[in-house]
Amino acid sequence: MGDDPECGRTTEARTEIPKRLHTDITDPANQPDLLIAEGRLTVPIVDVYSIGDPNVCGQRPMSCPMPDGSHATLGSADCVHARVRAAILGQGAGSRSRSMRLCVSPADQPGSCATHVSTGKAGLTNTLAPWPADYAASILGWVHTRMADD
């Protein structure tokens, strides 16, 4: 992947950013989906993202490697979250974790789903089922339920 001013990080950023991360984080054996699927992550998690997140190239189609070794054409944001979503779904109906695939759009770009960090901005709504428009309240409810788990 070369430099793409419209999508993704520059070659320099892809080289420099990993240098700031601890080796435990960059170890391929510690990818989040593996930690979940193998039961090494023992706390519940909530994976929240908007399908048009411009920080990960939004809905740009790409060939996405799936956990079973196959490839599927997905939007880039969906691809970034596909393995974690699959690991959470693989835990079954009794899982305390959830993956929330949302469409949260900036006010000046309705229907774009182009929000990065959708949990940090007040007044935004989701338009993608099955999650409610007030997804933030749903997340807060999930947190309160998890606090009562133990």
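Reader: How does the lining of the largest pocket divide by class?

Author: Ala, Val, Leu, Ile, Met, Phe, Trp, Tyr, Cys and Pro count as nonpolar; Asp, Glu, Lys and Arg as charged; the others, Gly among them, as polar. Here the lining of the largest pocket has 19 nonpolar, 13 polar and 8 charged residues. This is a predicted model: local features need pLDDT of at least 70, side-chain atom pairs count only at pLDDT 80 or more, and totals for chains, interfaces and linings use all residues. Residues are numbered from 1 along each chain as its sequence is written, and side-chain values use heavy atoms, without hydrogens and water.

Reader: Which residues lie nearest the centre of the largest pocket?

Author: A pocket is an open set of points on a 1 Å grid over the protein atoms alone, where a 1.4 Å probe fits, with protein on both sides within 12 Å along at least five of seven lines; lining residues have an atom within 4 Å of a point. Nearest the centre of the largest pocket lie Arg9, Asn55, Val56, Val80 and His81, out of 40 lining residues. Its volume is about 1,300 Å³, taken as the space filled by probe spheres set on points joined across faces, edges and corners.

Reader: Which element gives the most to this lining?

Author: Helices (H or I, at least four residues) and strands (E, at least two) are DSSP runs, numbered from the N terminus. H4 gives the most, with 6 residues. H2 (23-26), H3 (32-37), E1 (46-50), E2 (61-65) and H4 (76-89) each supply at least two.

Reader: What lines the second largest pocket?

Author: Its lining has 13 residues, with Arg85, Leu89, Arg98, Ser99 and Trp131 nearest the centre. H4 and strand E4 (98-102) are the elements giving two or more. By class, the lining has 6 nonpolar, 4 polar and 3 charged residues. The second largest pocket holds about 210 Å³.
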